[in-house]
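User: Got a model to go through with you. Can we take it piece by piece?

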Amino acid sequence: MDSYRVEKKAAMKIALADTDAEIDPATTEGRGHRPEPELDRLSNILKAFNDNFGTLFDDTDRVVKRIREDIAPKVAADVAYQNAKENTPHTAKMAHDQALGKVMQRLLTDDTEIYKQFVENEAFKRFVGDMVYAMTNPRKSAGSSFTQAAGPPAGNGYANRPANGYCRRPLSGTHSQAGAPARSGWRQTDRGTSMEAERGFDFLEGQWDAVCRVPSEDGWVEAPGSLSVSRTLDGLVFVELFEGIYHGGALKGLGLRVFNRETREWEHTWTDTLEPGNFHVWKGVFQDGTIDSFAEWADAGGKPVRSRLTWSEITQDSAHWESARSTDGGTTWQLHWMIDWRRRAES
C-alpha cells in the first residue's frame, strides 16, 4: 500500500518555475488532479483487500493493480455492458457480471493465481465483483465503500488450494468471529411465498454446452460436456440428461428436479453411469439469484458426508455450477467439480 501511495502522491506533484512566486489559494474545482476523496477511496480498497485477502497472495499490490488496470477496463469495454448502462440501467449489474465472468475466464492462462481464487473463493469473487462494478459504473456505485469485509477474512478458514488440487473453504456464514457462536453448515434462506420461487429454474430448459473441470494432482482437468433439459408432468418436473467428465472419466447422468410447494424448497436427485443407483436428494432455496442445495449420506466407512451443489451467475444463456463436499459437518468444504454452462445456439 505504501508504494501505491507514493506513486499517487508523485503523480500529484506540481513543479513551480519560480520558488518565490505567489500561489493562488486552492479552489474546490477540479484542475486535472485526482480529488482527495477518490484517493482515500482507493486507499480504502487496498486496506480492505489486504485485511481480507492479504494471506492469499504474495503481492497484493500486484493483484489490485491487475484488477484496476486490466480487469476493470476490459469489463468497461464490454459492448453489452455499455448498452445496458446506457439503455436499460436496471440490467446493468447482470450485464456487468457476465462481462466480468468472460474477462476472468481469460485469466485461466494469463494469471492462474487470481483465476483460481475467483472461482473457488466466494468472498474474493464477491469483493472483486463489487470493486469492478464500482469502478465501471460510478453512477450506481456512488458512495460505495470497500472498508467493510466482503466476506469471511482469509484467516478464518480461507486458504490457497493445496497441491492436491482441492480448495478447502467454509460455507459462507459458518465461520465464527471472536465471541460469536458458529452457525450450522446449512445456509438459512427465505423460502418465499410467491410463484416466483417456483420459477427459479425456468432458465434451465433447453440445450446447453458445458466446460467441465475436475481437480487432479497436476491441476484442473478440463473437458467439454452437454446438458439437455426438458419438462414433464405438466411442466412441474425438470428432466436433465448430462454427458461430460468426472473423476472416474467419461460420465452420463440423469437428474430430476422439482419445486416442493409444501416446503418451498427445490429438490434434486441424480444417478449416473459411474455409480448407478444410490439416489440422494439435494434440497435448497434461491437467495439473491444463487442456490445452494444440500444432501447428506455416509461413506463406505460409515463417516457422514455432506454435499453442496451451487448454481450461480445465472442468466438466460449462461450459468456456473459447483459441487463441494464436507466431512467435518460443513466447517470446511472440498471443491471437486465445476461446470460452466452456455446455452447452445439454435441451428
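Analyst: Strands (E, at least two residues) and helices (H or I, at least four) are DSSP runs, numbered from the N terminus. This is a predicted model, so local features need pLDDT of at least 70 and side-chain atom pairs count only at pLDDT 80 or more, while totals for chains, interfaces and linings use all residues. Residues are numbered from 1 along each chain as its sequence is written, and side-chain values use heavy atoms, with hydrogens and water left out.

User: OK. What do β7 and β8 form, and which residue in the turn has a positive phi?

Analyst: A hairpin, with 2 residues between the strands. Asp 288 in the turn has the positive phi, about 55 degrees. β7 covers residues 281-287, and its pairing with β8 is antiparallel over 5 bridges. Val 285 sits opposite Asp 292 of β8.

User: And how many bridges join β8 to β9?

Analyst: 8, again with the strands running antiparallel. β9 spans residues 304-312. Ile 291 has Trp 311 in β9 as its bridge partner. This hairpin has 5 residues between the strands, and Gly 302 takes a positive phi near 85 degrees.

User: How many residues of β8 are buried?

Analyst: 7 of the 9 in residues 290-298, so β8 is largely enclosed by the rest of the structure. Buried means under 20% relative accessible area, exposed over 50%, partly exposed in between (1.4 Å probe, protein chains only).

User: Switching to Ser 326. Buried or exposed?

Analyst: Buried, at 2% relative accessibility. Ser 326 lies in strand β10, residues 318-326.

User: What does the Ser 326 side chain reach?

Analyst: The backbone nitrogen of Gly 330, at 2.8 Å. There is also a polar contact of 2.7 Å between the side chains of Ser 326 and Asp 328. A polar contact is a pair of N or O atoms within 3.5 Å; within protein, one must be able to donate a hydrogen and the other to accept it, and residues adjacent in sequence count only if both atoms are side-chain atoms.

User: Which residues is Ser 326 in contact with, leaving aside neighbours within four places?

Analyst: Pro 304, Val 305, Arg 306, Thr 331, Thr 332 and Trp 333. Contact means heavy atoms within 4.5 Å.

User: Last one. At roughly what angle do the axes of α6 and α7 cross?

Analyst: Roughly 105 degrees, and the axes come within 5 Å. That makes α6 roughly perpendicular to α7; the class covers 65 to 115 degrees, with under 35 roughly parallel, over 145 roughly antiparallel and the rest oblique. Axes are lines fitted to C-alpha atoms, for helices over the stretch in contact, and angles run from 0 to 180 degrees between N-to-C directions.

How values were computed: Two strands pair if DSSP finds at least two bridges between them.
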